[in-house]
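Open your viewer and get ready to click along.

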Amino acid sequence: MADTKVIMPQMGESIFEGTITKWLKKKGDKIQRDEPLFEISTDKIDSEIPSPASGVVQDILVKEGQTVQINTVVAVIGDGTSTPAEAPKEAPKETRKEAAKETAKEAPKASPTEPPKEAPKEVKGTAPIDGPVPETDEEEEGGEEGGPEGTRSSPLVRRIAKEHGVDLSALAGKGTGINGRITKRDILSYVEQGGTAEKPAAKAPAARPAAPVPAAAPPPPPAMKFAGEVERVPMTQMRKSIAEHMVMSRRTSAHVTTFFEVDCSRIMKARENSRAEFERSGVKLTVTPFFVQAAANALKKFPIVNSSVDGDTIVYKRPVNIGIAVSLETGLIVPVVKNVDQKNLLGIANAINDVGERARNKKLTPDDVKDGTFTITNPGQYGALIGTPIINQPQVAIMGMGAIKKRAVVIDDAIAIRPMIILSLSFDHRVIDGAVADQFMAEVQKQLENWPV
Amino acid sequence: MALTTYVEAIRQGIWEEMEKDERVFVLGEDVGIYGGAFKVTAGMLEKFGEWRIIDTPISESAIVGAAIGAALMGMRPIAEMQFADFISCAFDQITNFAAKCRYRWGAGVPIVVRGPSGGGVHGGPFHSQNPEMYFVHTPGLKVVCPSTAYDAKGLIKAAIRDPDPVIYFEHKFLYRRVKEELPTDDLVVPIGKASIRRPGTDISVLTYGAMVYNALDAAKELEREGIDLEVVDLRSLLPFDKETILESVKKTNKVILLHEDTRIGGFAGELAAIISDEAFEYLDGPIRRITAPDTPVPYSPPLEEFFLPKVSDIVNVARELYAY
């Protein structure tokens, strides 16, 4: 039986790399096809990756916590007969610059003249979902001829190297292109630096195409200085994308936040009335679905709140797909409940519970986090009175739910005790004016305060 | 000054050439009384009379055959195909006769065969095709595909004045969708010259016809990510502007070939071969093609939308190529 290479799968259209967060098998372990082999974390989702073949984990090539590009071989599954020492032709290349040094050390070791006796069969890790794989009409798969010392480059790069008398092996493991290819940018900056091998790798982050880079990026913050003892922990992939996304959103939208106080008596009552009935259908009813449904109805009335900005164009979205922010140990994820406007309360509650549960169990698919048109976040779950959320781009508004608390309120000149909530709406003033935002929130308020019981 | 549409620009070009040169005349189905199915010849019957604006029977072969005969007798005919799809009926006249006359007998055939091509207007399989490659594969012909009102006018004039047969493919999606201010002087766009619609540094998109606009839209979107596309509008497919093409590729080192025509045997394949032959050492990534799939143009609007290359296709391929 031929060995099977396990590769880092592509978990979404714009995903170029993933971090192995945990190996679920050790070298030498027996494994069945489709049995979970490792856990990954990408820009979009966390997921368990099943083994593409049955056999024995012959080699694990990427350490936990290491980030590699898609299609990088991360493990080899063998039938248990061949020796595990049989290294594949190429050492996996870590994409981050912290790893470049290490990889450079490993590279010569991993490319001795002795090739593997039996070419491992390449099989894509069968992810729980079929992540879209780029069209490969013209793309080579595998049989690429490497340059000297197994450095992957292009005809242009080889010509530039020749012209400048550069030995490409000096750049081995420092390429910033797909699969560690040496690109035009790499060789040019190498030549510019006068051929010092250290610098090009430092440019690696700049070559990432997934994140939009504005023309005039703000100056980098000053280097962190602190006199006391510190612990330095590299950010996870998820943390990095959250950071990037939040700053990008602040830079993109003109954020304004408005607040509304809402009497929750009727929805609390409606929830009490329906709870037993919902439980018979196996659905736990929280208050969130009420807010989601009220928002969906209001979004239908104020379609601008359900839009996006595309250059000079406003894109109104017909479906109402509401993202629900779910807090995880590792960060935050926003699974999306699709077509909320076509669901009843039971359907909404069911869908929220489903995505919430799958978010916590790392079973979300790329589709689950895509195409949201509006987001609801719940800072109140830990008691916050209210929050001022950041818009989830490319959406134009996000609603925050504060904690529901019984408060003394004045109704018809009498003091009553009512469960109250403060809702906030952060909206993009580029396309939504304050009056519209407030009318939208007044509609949400009206829906909630007049809920049929 | 008023904006001139693409279709009006063609009409103006023909009009001006007819005023200037009495050998120029138009023949085709419904070009006279009706003014042409897309109104390219509107008002011409009244202005130039029935000897110069000739309504013909429904026979493309006869239309082109008559045009060739008139050209050999010293005239400058413009033959209209009501839809470019039906040019296949005149295939033999064009490829075996008009294209070979100069080589065989030293007799030039200065005809223009023009007609609306292209999809995006829910015309179905017989009214949406891009038949340019049948003719690009025929030595002796010239083939042009303008994308702007300026080029539409400049190229129809160049085509009329050309001493050899020119196949002039108009894009019907652009007829009334693109317009611009045109200079009042005699404007001629030389056949065989490309135009750089948007200079850029990262990836060259070589395209023509309506796809020029998709490429420009994609460039606008990618600009925000710091990816700088160069959009080259070929304008002429035969002869084509090899110099500009290779210069652009040598500058950006990455190339996307984009057309609305289907994939196999499309112009992109030819360009890919030329770039690989003559600029291989300038390539920093694979040559990528974005084309319609190899099927007839579907009638169903959602299917047609799927069939035609989209801005998002270009954006996605460009992102991959940029990262390569």
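Predicted model: local features only at pLDDT ≥ 70, side-chain atom pairs only at ≥ 80, totals over all residues.

**Stop 1: chain B**

Start by selecting chain B and switching to a cartoon view. Its secondary structure comes to 12 helices and 14 strands. Chain B has 324 residues, and 56% of them count as buried. How far apart in sequence are the contact partners? Among contacts in chain B between residues at least 6 apart in sequence, 79% join residues at least 24 apart.

**Stop 2: the cores**

Now select B:A215, B:I256 and B:A318. These are the residues with the most contacts inside the largest nonpolar core, which has 117 residues. Zoom in on B:I256 next. Which residues does B:I256 touch, leaving aside those up to four places away in sequence? The list is B:I203, B:V205, B:R288, B:I290, B:I314, B:V317, B:A318 and B:L321.

**Stop 3**

Move to chain A and select residues 155–163, which form helix α2. Which residues of this helix are buried? They are A:L156, A:V157, A:I160 and A:A161. Turn the view until you look down the axis of α2(A): the buried residues fall within an arc of 135°, so they line one face of the helix. Here is the background: an α-helix has 3.6 residues a turn, so residues three or four places apart point the same way. On the other side of α2(A), colour A:K162 and A:E163, which are exposed. Following α2(A) you will find A:G165, with a positive phi near 60°.

**Stop 4: an open sheet**

Stay in chain A and show the strands. Four of them form an open sheet in the order β5-β4-β2-β7, with antiparallel pairing. Select β5 (46–50) and β7 (67–69) to see the edge strands, each of which pairs on one side only. Neighbouring strands here are turned by 40° against each other on average, ignoring direction.

Finish with β2 (residues 17–23) and β4 (residues 36–41) of chain A, antiparallel strands joined by 4 bridges. In general, strands of a sheet pair through backbone hydrogen bonds. Click A:K22, and look across to A:E39 in β4(A), which stands opposite.

How values were computed
Residues numbered from 1 in each chain as written. Chains lettered and ligands numbered in written order. Core = buried A, V, L, I, M, F, W, Y, C linked by C-beta atoms within 7 Å. Buried ≥ 20, exposed ≤ 12 C-beta atoms within 10 Å, placed from the backbone. Contact = placed C-beta atoms within 7 Å. Helix = DSSP H or I, 4+ residues; strand = E, 2+ residues; numbered from the N terminus. Arc of directions from axis to C-beta. Pairing = 2+ DSSP bridges. Axes fitted to C-alpha atoms, helices over the stretch in contact; angles between N-to-C directions.
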